[in-house]
Amino acid sequence: MTTKADMALIALLRENARASTATLARRLGVSRTTVQSRIDRLEKRGIITGYTVKLSSEHESHLVRAHVLVTALPKFSPKVEVGLKTMMSVRSVHSISGNFDMIVIVEAPSIGELDSVLDQIGALEGVERTMSSIILSTRIER
């Protein structure tokens with residue numbers, strides 16, 4: 001179980017995973033040792049499993065992103081997921097309920113390359129149908 005202090009630390013790390021323990025400690029009002037031991041504990045418990053790069057909004061503004069709804073043939077979802085995992089343009093895959101089986105978030109540097117990615121997804125063995133929506137803007141992202 002995570003505490004309020006854990007969640008506050010996680011929120012700061014989401015803002016900047018490279019923040020120093022001194023900066024985190026100052027913002028949380030605790031010692032550096034406390035911050036480091038809390039991070040170590042969260043990592044050991046598997047709550048924090050890694051750190052990532054956050055791209056600038058300037059860079060991301062040049063990418064074309066889309067949500068791709070995918071229906072897989074029965075028993076083919078694992079094979080489709082393996083195929084999606086090999087595509088560098090695929091940012092995330094979510095299993096969903098409803099008429100589709102998953103939502104795939106993709107990004108590409110141009111409409112032409114996005115079109116190619118969509119074709120690749122549609123051509124995966126086990127994909128029955130897809131429906132895509134290009135993301136025009138992101139209003140809230142946390």
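How many nonpolar, polar and charged residues does the lining of the largest pocket have? The count is 15 nonpolar, 11 polar and 10 charged. Before we look around further, please keep in mind that this is a predicted model.

**The largest pocket**

- The volume of the largest pocket is about 1,400 Å³.
- The pocket is lined by 36 residues, and those closest to its centre are T52, V53, K54, E141 and R142.
- Several elements give two or more residues to this lining: the helices α1 (4–15) and α4 (57–60), together with β1 (64–72), β2 (90–95) and β3 (102–108).
- Helix α1 provides the largest share of the lining, with five residues.

**Helix α3 and its partner α2**

- A pair of packed helices is described by the angle between their axes and the distance between those axes.
- Helix α2 (residues 21–28) packs with helix α3 (residues 32–44) at an angle of about 105°, and their axes are 8 Å apart.
- Angles of 65 to 115 degrees count as roughly perpendicular, and α2 and α3 are therefore roughly perpendicular to each other.
- On the α2 side the contact is made by T21, A22, L24, A25 and L28, while α3 brings R32, V35, Q36 and I39.
- Sorted by class, the residues of this contact of α2 with α3 are six nonpolar, two polar and one charged.

**Helix α3 and its partner α1**

- Helix α3 also packs with α1, here at an angle of about 90° and with the axes 11 Å apart.
- These two helices, α1 and α3, are therefore roughly perpendicular to each other.
- From α1 the contact takes A5, D6, L9, I10 and L13, and from α3 it takes V35, R38, I39, R41 and L42.
- The contact of α1 with α3 has seven nonpolar and three charged residues, with no polar ones.
- V35 and I39 of α3 take part in the contact with α2 and also in the contact with α1.

Note on methods: Residues numbered from 1 in each chain as written. Predicted model: local features only at pLDDT ≥ 70, side-chain atom pairs only at ≥ 80, totals over all residues. Heavy atoms only, no water. Axes fitted to C-alpha atoms, helices over the stretch in contact; angles between N-to-C directions. Helix = DSSP H or I, 4+ residues; strand = E, 2+ residues; numbered from the N terminus. Parallel < 35°, antiparallel > 145°, perpendicular 65-115°, else oblique. Contact = heavy atoms within 4.5 Å. Nonpolar A, V, L, I, M, F, W, Y, C, P; charged D, E, K, R; others polar. 1 Å grid on protein atoms, 1.4 Å probe; cavity = no way out; pocket = protein on both sides within 12 Å on 5 of 7 lines; lining within 4 Å. Points joined across faces, edges and corners; volume = space filled by probe spheres on them.
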